[in-house]
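This report describes selected local features of one protein chain. The sequence and the structure come before the text.

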Amino acid sequence: MTVAVTGGAGQIAYSLLFRLATGEVFGDRPVRLRLLEIPDAVRAAEGVAMELADSAFPLLRSVDVTDDAATAFDGAEAAFLVGASPRTKGQERADMLTANGAIFGPQGRALAENAADDLRVLVVGNPANTNAAIVAAQLPDRDPRRVTAMTRLDHNRALARLAEKLGCATTDLTRMTVWGNHSSTQFPDVTEVLRDGRPVAGDLDATWLEQDFIPGVAGRGAEIIEVRGRSSAASAASAACDHMRDWIHGTPEGDWVSVALPSDGSYGIPEGVVASVPCRSVDGEWRTVTGLEIGDAQRAKIDRTVAELRSEVDAVRDAGFL
Ligand code: NAX
């Protein structure tokens with residue numbers, strides 16, 4: 001299994017790479033890791049490669065570090081696009097979107113030209129959904145569902161917060177959905193959630209949902225920064241592992257997870273945006289769970305986060321990245 005990880009010297013990669021090397025994501029297939037970094041961070045990434053070697057993982061065949069995307073993506077069957085350009089102090093959001101277009105456009109083209117035919121892409125670097133839209137646009141000959149953005153961390157955060165409220169284990173809960181953007185407009189939705197097979201929504205206080213659960217999940221990233229002093233890293237890596245493992249091995253029967261996919265028009269979400277929707281993985285492919293009834297209150301929240309995605313896509317289109 002040839003696996004490319006960008007941002008190889010970053011804090012998410014420092015957790016992610018070691019878990020990819022253990023076999024918990026790809027099963028017992030031997031793994032070759034390719035770390036892509038900017039030139040200034042190549043040496044630090046080489047230090048991470050040294051630590052990976054020192055771990056003597058039975059399944060890890062090689063670790064290569066490069067600042068050349070074509071080399072990093074050559075034959076890649078999975079690509080975790082983690083490295084991105086953070087929003088700097090005082091920077092306009094549109095400028096941040098454009099700065100990332102300049103990263104994800106060329107990386108998308110390098111994937112199109114060099115990666116394996118069965119490539120799976122998970123974009124983690126923010127703004128993840130719109131970065132994924134840019135990558136997907138560079139891969140017009142491939143199944144669009146092969147390019148995804150990560151909302152699994154938001155999904156896991158929602159499961160954890162709800163389990164705490166209900167006094168149960170996260171594994172007792174199924175059918176959580178996070179809709180839309182990996183941003184403050186995301187909509188963590190408990191409407192379909194089952195606890196041990198029975199709906200929970202009717203037992204939950206509407207005020208708690210509106211004033212604690214939804215903003216708490218959407219604001220968890222900022223809360224982690226405030227408390228830990230740095231952004232979520234190990235939990236983001238863990239979510240990335242969950243996403244790729246379920247994609248390859250399938251979602252458990254009766255359950256689904258949240259995945260940001262290029263929209264196929266389901267639930268009135270326009271094509272061209274990469275929006276988080278409920279998904280099952282069947283035969284190694286993400287499939288949107290269709291046919292869920294959407295009430296007026298849900299509709300308004302979905303429309304709000306999709307409107308933000310549309311404005312992001314418009315901004316990168318205006319800048320020539322789409
Ligand atoms: P770090 O700043 O620790 O690491 C990022 C690394 O990416 C750096 O080593 C940097 O040199 C590298 N990089 C920058 N441009 C690159 C390029 N063009 N090619 C290759 N490497 C490049 O950030 P970290 O905490 O690891 O976070 C990485 C990204 O994940 C950020 O954009 C962050 O906002 C995003 N996140 C996304 C989450 C999600 O749920 N989708 C949650 C966690 C995280 O906030």
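## Basis of the model

The model is predicted, and local features need pLDDT of at least 70, side-chain atom pairs count only at pLDDT 80 or more, and totals for chains, interfaces and linings use all residues. Residues are numbered from 1 along each chain as its sequence is written, and side-chain values use heavy atoms, with hydrogens and water left out.

Helices (H or I, at least four residues) and strands (E, at least two) are DSSP runs, numbered from the N terminus.

## Packing of α4 and α5

Helix α4 spans residues 93-114 and helix α5 residues 128-137; their axes come within 8 Å and cross at roughly 40°. Axes here are lines fitted to C-alpha atoms, for helices over the stretch in contact, and angles run from 0 to 180 degrees between N-to-C directions. The two helices α4 and α5 are therefore oblique to each other; angles under 35 degrees count as roughly parallel, over 145 as roughly antiparallel, 65 to 115 as roughly perpendicular and the rest as oblique. The crossing of α4 past α5 is right-handed, a term used if the near helix is turned clockwise from the far one by less than a right angle.

On the α4 side the contact (heavy atoms within 4.5 Å) involves Leu97, Asn100, Gly101, Phe104, Gly105, Gly108 and Leu111, which meet Thr130, Asn131, Ile134 and Val135 in α5. Five residues of this contact are nonpolar, six are polar and none is charged. In this division Ala, Val, Leu, Ile, Met, Phe, Trp, Tyr, Cys and Pro count as nonpolar, Asp, Glu, Lys and Arg as charged, and the others, Gly among them, as polar.

## Buried side of α1

Helix α1 (residues 11-20) has the buried residues Ile12, Ala13, Leu16, Leu17, Phe18 and Leu20. Buried means under 20% relative accessible area, exposed over 50%, and partly exposed in between (1.4 Å probe, protein chains only). These residues of α1 pack against β1 (2-6), β2 (31-36), α2 (42-54), β4 (78-81) and α9 (234-249).

## A three-stranded sheet

Three strands in the order β7-β10-β11 form an open sheet with antiparallel pairing; two strands pair if DSSP finds at least two bridges between them. Strand β10 (residues 194-195) runs antiparallel to β11 and is joined to it by two bridges. Leucine 194 has proline 199 in β11 as its bridge partner.

## Backbone geometry

The peptide bond from asparagine 126 to proline 127 is cis, with omega near -5°. Proline 127 is located in the loop between β5 (120-123) and α5.

Aspartate 196, in the loop between β10 and β11, has a positive phi near 50° though it is a residue other than glycine. At 57% relative accessibility, aspartate 196 is exposed. Tyrosine 267 also is not a glycine and has a positive phi of about 55°. Tyrosine 267 lies in the loop between β12 (257-262) and β13 (274-282) and is buried, at 12% relative accessibility.

## Two buried positions

Glycine 180 sits in the loop between β8 (177-179) and β9 (187-189) and is buried at 2% relative accessibility. Beyond its neighbours within four places in sequence, glycine 180 contacts Asn129, Thr151, Val274, Ala275, Ser276, Thr305 and Leu309. Its C-alpha atom is 9.7 Å from that of leucine 261, 81 residues apart along the chain.

Valine 306 belongs to helix α10 (residues 296-318) and is buried, with 7% relative accessibility. Residues up to four places away in sequence aside, valine 306 touches Ile269 and Pro270.
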